[in-house]
Amino acid sequence: MAYELNGQTIEHDEEGYLTDLGQWTEDLAAILAKDEGIEMTDEHWEVVNFLREYYDEYQIAPAIRVLVKALKKTMGKEKGSNKYLYTLFPYGPAKQACKIAGLPKPTGCI
Amino acid sequence: MSEEAKTPTVDEYLDPLATPCMQPGAMADIHTFPAAPEHQEKLGFPGELPENWEQVAVAKMGELLGKYRGFRVFLDSCVKCGACTDKCHYFMGTADPKNMPVARQDLLRSVYRRYYTFGGKYFPKLVGARDMTKDVLDEWYTYFHQCSQCRRCSVYCPYGIDTAEISMAAREIMDSVGVGQKYCNEILGKVYDIGNNLGLPPKALKMTLEDFEEDLEDETGLEIKMPLDVKGAEILLVTPSADFFAEPHIDGLFGYAKVFHAVGASWTLSSVASEAGNFGMFIGSYETMRNVSMRIRDAALELGVKRIIFGECGHAWRVAYSFLNTLAGPFDFLDPRYPFPQHICEYTWDLIQKGELKFDKSKNDEYRLTFHDSCNVARGASMGSKPGDQFEIPRNILKATCNHYFDMDEDTIKEVTVCCGGGGGILTDDLMDVRVKGASPRMTALGNLRKEKGVTHMAAICAICKSQFTKIMPKYDFEMDSILSVHQMVSNAIILEGAINEDDDDDDDIPGAPDVEAAE
């Protein structure tokens, strides 16, 4: 189970999440997004970059509520909403955006 | 045309417990992701199938037969009366006859007979005994991961045979030969390493709670605290980590905080015991269950609390209520004047009865509500002081906070409640087919109530139920936010002294408003 990019082999788990998030690059993110049927726009990158920064600081993806609140501050009230997040990532911001950002999938009773 | 014929009319009542026409092998291809060697080894299990695994598995079964008398009695006492056959939500939903409780038990019983009964040792074919082979092991893996250990079947069994115990034993035997499930065992590893199922480190927990305090202040104008690791606090609240992450769980957490605030309670959360859930029970491993439980004891001692209260989590409450004292006790260092363990619903209902909490029920007028009894609370534990209080207390809280409350079909609630379809380690995306089909009895019962009474929402007191319903409700033509936390209703309706009036606030993202979706 691996992605191929520029001759490099990048391992992923059964659901396509990277096993080593250190191997993430923007080029890889574009491939991951394409697999999910998503065309990356500035707004998509805003979310992905926020997730990566948050993960870097806290070693976990943020709760959706925390993500929405942060985006409200940077993108304004209209785009900083749960509904808008779902228009960007139709299968769920945590699931799709985390995958594209190279982060592990959140686990537990969620 | 046939598709159209299947669609029920608006006022048509459907039997939520209808027996399906059997489809042998319908779910035989389901194979939940296996745990990686590192997940297995962290819990003390072999990383992969050892060469002599058959002997190891049979010996493990023998060990369990010696340790757990009930396990042997359950295997010996079935008379094949058939009372359980149509009682499992997975059988009703999938039509696969191996999801009949007796058939599930027989997957293991047949191997038990081969090695541990006279008839099976000498005349295996006569008594339906089977060798422990790889095919049998694979079949176990498939069908013991289509059991949510909800124990509904055991209510109807005249001998009280508990399929959950057999399912737990099967998973323990499989783990002993390196065949574990990724979902449960990876999560248990996170509890060992970080302290909770989510893998939420203390720093992230602290930041999240501060964020929530800000939300609460925006909503109420009050400084409602979510204290963490406060030494000398009176109450330790142990709650599922989903309460820090997912919707509608967070709204329930807000409700607990508001109740504590309203009565000026001294309370704290703990970064050590940052998980109420205990997946050790799902995999049948006493050792793992004990290791997870010890974190609660350690935190209580470290913080010097006088009492421990559990948040809305079904199997946490079963472990707490039924096993905690012998698992991680004695808890003689707590104040004996308070019940131990105590459920947050008991705490809140007690305050309501004493008149210490006031509600504006009209705040919940947008909801026409019902309650889903979670299996581990309904059948694996109790609550309050009278038999059946585990059913009445949550309902009493809902009726105290909401004007429109209705119950679903009596064959699907309380002691005989049908499972959400996601309990017991099934709440994983790779078992989505099982989850969706297993939820069909509950969804049908809820659908009937929607037609009859115009019910819009359902509340629950289990993190797994809440997450399961947010995911599967859309498959049954319900909005994903039709599932609520019981303490979310408390949070919406509670009158706090000095709070600002929410009605004046035009912010569309008020915490507690049902417009935020699950964390997926």
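Colleague: How many bridges pair strand β1 of chain B with strand β3 of chain B, and in which sense?
Modeller: In this predicted model, β1 (residues 235-238) and β3 (residues 307-310) of chain B pair over 4 bridges in the parallel sense. Strands pair if DSSP finds at least two bridges between them; strands (E, at least two residues) and helices (H or I, at least four) are DSSP runs numbered from the N terminus. Residues count from 1 along each chain as its sequence is written, and chains are lettered from A, ligands numbered from 1, in the order in which they are written. As the model is predicted, local features need pLDDT of at least 70 and side-chain atom pairs count only at pLDDT 80 or more, while totals for chains, interfaces and linings use all residues.

Colleague: Which residue stands opposite B:Ile235?
Modeller: That is B:Arg307, in β3(B).

Colleague: What is the strand order of the open sheet of 4 strands?
Modeller: The order is β2-β1-β3-β4 (chain B), with parallel pairing. Its edge strands, β2 (267-268) and β4 (342-343) of chain B, each pair on one side only.

Colleague: And what order does the open sheet of 3 strands have?
Modeller: That parallel sheet runs β5-β6-β7 in chain B. Its edges are β5 (369-371) and β7 (483-485) of chain B. Parallel strands β5(B) and β6(B) (residues 457-460) are joined by 3 bridges, and B:Phe371 has B:Ala459 as its bridge partner.

Colleague: Changing topic, how many residues of chain A are in contact with chain B?
Modeller: 21 residues of chain A contact 34 residues of chain B, where contact requires C-beta atoms, placed from the backbone, within 7 Å. On that side of chain A, the largest share, 4 residues, comes from α3(A).

Notes: Contact = placed C-beta atoms within 7 Å.
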